[in-house]
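Here are a few friendly notes to read alongside the model. Please have the sequence and the 3D view open as you go.

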Amino acid sequence: MTNCLQCGLSLQGRDNESETCSDCLLGLTDEQYKEPIIMKPNNREILLDPIDMCEELMAHIFHAEFGGELDASHRFFELYLQLQLYKEKMLNDERDVFKAIEGDEVKQ
């Protein structure tokens, strides 16, 4: 069994194929292993609003699956339509709540 030329750890598995362990190649230290890893979602905003999520998924299906044109024979067409109906329902529900609140304020 061979050892890493930089840190002296024994090389195992894929590391055994080179003279340096993967930690040394990546520049990792013992202190870095103790720090918690914080995952960042590739600088993208995390969508928590269900309407925004529906719109994003619909846009992805439209561009990635349909190629920019609706295709009624595509396997995701029914899903696309259901997402559209669900989005419209949520928008109508929001409008109804807004009107109800607005109506209560006028009555008082």
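1. Of the 108 residues in the protein, 15% count as buried, meaning under 20% relative accessible area, with exposed being over 50% and partly exposed in between (1.4 Å probe, protein chains only). Please keep in mind that this is a predicted model, where local features need pLDDT of at least 70, side-chain atom pairs count only at pLDDT 80 or more, and totals for chains, interfaces and linings use all residues. Residues are numbered from 1 along each chain as its sequence is written, and side-chain values use heavy atoms, leaving out hydrogens and water.

2. The protein has four helices and zero strands; helices (H or I, at least four residues) and strands (E, at least two) are DSSP runs, numbered from the N terminus.

3. Helix α3 covers residues 50-65.

4. Which residues of α3 are buried? They are Ile51, Cys54, Met58 and Ile61. Seen down the axis of α3, the buried residues fall within an arc of 95° (taken from the directions from the helix axis to the C-beta atoms), so they line one face of the helix.

5. Lys87 sits in helix α4, residues 77-107, and is buried, at 14% relative accessible area. Leaving aside neighbours within four places in sequence, Lys87 is in contact (heavy atoms within 4.5 Å) with Ile51, Cys54, Glu55 and Met58.

Methods: Expected span 1.5 Å × (residues − 1).
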